[in-house]
Amino acid sequence: MRIVTFALENKELLRVIYTLFIVSLCAIIVLKTDRIFKLSDYQGLRYFRNAFFFYGIGWIILGILMDIQVSFPVQYSLILQVLYSFTTLTGSLFLLYSLTWKYFEKEKSHNSLFSPKSAVIYLLSLFLGIITLKRGVILEFFQIIIFFILLMISLHNQIKSKTKFTNYYVGGVLLSLFFWSLKAINRVINLDTLGDIIMYLLGSIFYIIFLVGILNSNKNKK
Amino acid sequence: MNKKRDRLTIIKEILTILSFKKTIKPTRLLHSSNLSPQMFKSYISELTDKKMLEINDKKEFLITLKGRSFLEEYKEIEKIIQNFGL
């Protein structure tokens with residue numbers, strides 16, 4: 001109960017700290033994989049990094065959105081809402097594509113952010129992002145679908161894989177699925193502050209698991 | 001029947017062969033790499049563009065510092081790919 005009271009009294013501060021924390025995690029993931037990506041030029045890693053790049057941008061936009069909603073005209077708020085949905089969906093679609101790219105393309109290097117395949121992801125995310133203006137729950141709905149597919153693929157990878165980390169990957173995806181499900185429920189039934197705290201804890205664990213996976217790979221270097 | 005090698009594995013194998021020799025003639029490397037001439041040419045072109053491999057005055061191949069870095073980092077690259085199913 002003390003945590004809930006503290007959270008209620010310091011909501012704004014906690015929101016800023018949380019946003020900065022998640023953005024930092026995304027930045028670290030992208031930066032920590034920079035060296036090995038430049039060496040390997042591996043497509044799956046390219047899309048994986050794109051995912052967390054867009055997630056980071058999404059959280060920055062969300063942070064700005066929450067600040068300006070009160071004091072700025074509605075149009076700016078609407079544009080930022082679309083951008084937030086766009087970046088979040090783009091991040092998730094890139095994460096999904098990082099697991100499935102081998103079925104759609106040969107291993108050829110090209111620009112990370114601008115390519116025909118990326119354009120498809122951007123257009124789809126933009127289209128869905130604009131629809132979210134009409135029905136807010138659309139973002140949560142599509143995130144649930146994307147993460148459900150991610151879960152199926154990562155379960156399949158877990159069976160094939162020799163590394164223990166794939167179990168954590170599955171766990172991370174599952175937590176993210178719960179996060180987006182709770183967000184969807186929150187649209188319908190306003191969850192209380194404790195519900196919010198649980199939701200955001202689940203969300204942060206997802207990023208932490210992915211960062212741990214990157215750092216774990218670094219650990220075995222001589 | 002041998003499992004089809006992926007791009008990173010082939011690059012690693014070519015660079016490993018190069019790392020054991022100061023220099024190597026193209027035909028020798030072609031035979032050691034187990035690639036078709038066309039594929040071999042494609043990989044050599046990529047490795048040269050990425051400065052992991054260079055060609056000396058005698059038209060022999062030699063590994064660069066960047067190529068050696070790739071070999072050192074290969075385990076890490078492989079681990080990330082396996083961890084995240086990329």
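In what follows, Ala, Val, Leu, Ile, Met, Phe, Trp, Tyr, Cys and Pro count as nonpolar, Asp, Glu, Lys and Arg as charged, and the others, Gly among them, as polar. The structure is a predicted model, in which local features need pLDDT of at least 70 and side-chain atom pairs count only at pLDDT 80 or more, while totals for chains, interfaces and linings use all residues. Residues are numbered from 1 along each chain as its sequence is written, chains are lettered from A and ligands numbered from 1 in the order in which they are written, and side-chain values use heavy atoms, with hydrogens and water left out.

A cavity is a set of points, on a 1 Å grid over the protein atoms alone, where a 1.4 Å probe fits but cannot get out, and lining residues have an atom within 4 Å of a point. A volume is the space filled by probe spheres set on the points, which are joined across faces, edges and corners. By this rule there are two cavities of 30 Å³ or more.

The largest cavity has a volume of about 130 Å³, and of the 13 residues that line it, the closest to its centre are A:Y55, A:W59, A:F179, A:W180 and A:Y207. Helix 4 of chain A gives the largest share of this lining, four residues, and by class the lining of the largest cavity has nine nonpolar, four polar and no charged residues.

The second largest cavity, with a volume of about 40 Å³, is lined by residues of both chains: A:L99, A:S154, A:N157, A:T166, A:Y169 and A:V170, together with B:N83, B:F84 and B:G85. Two or more of these residues come from each of helix 7 and helix 8 of chain A and helix 4 (65-84) of chain B, and helix 8 of chain A gives the largest share, three residues. The lining of the second largest cavity divides into four nonpolar, five polar and no charged residues.

Terms used. On a 1 Å grid over the protein atoms alone, a cavity is a set of points where a 1.4 Å probe fits but cannot get out, and a pocket is an open set with protein on both sides within 12 Å along at least five of seven lines; lining residues have an atom within 4 Å of a point.
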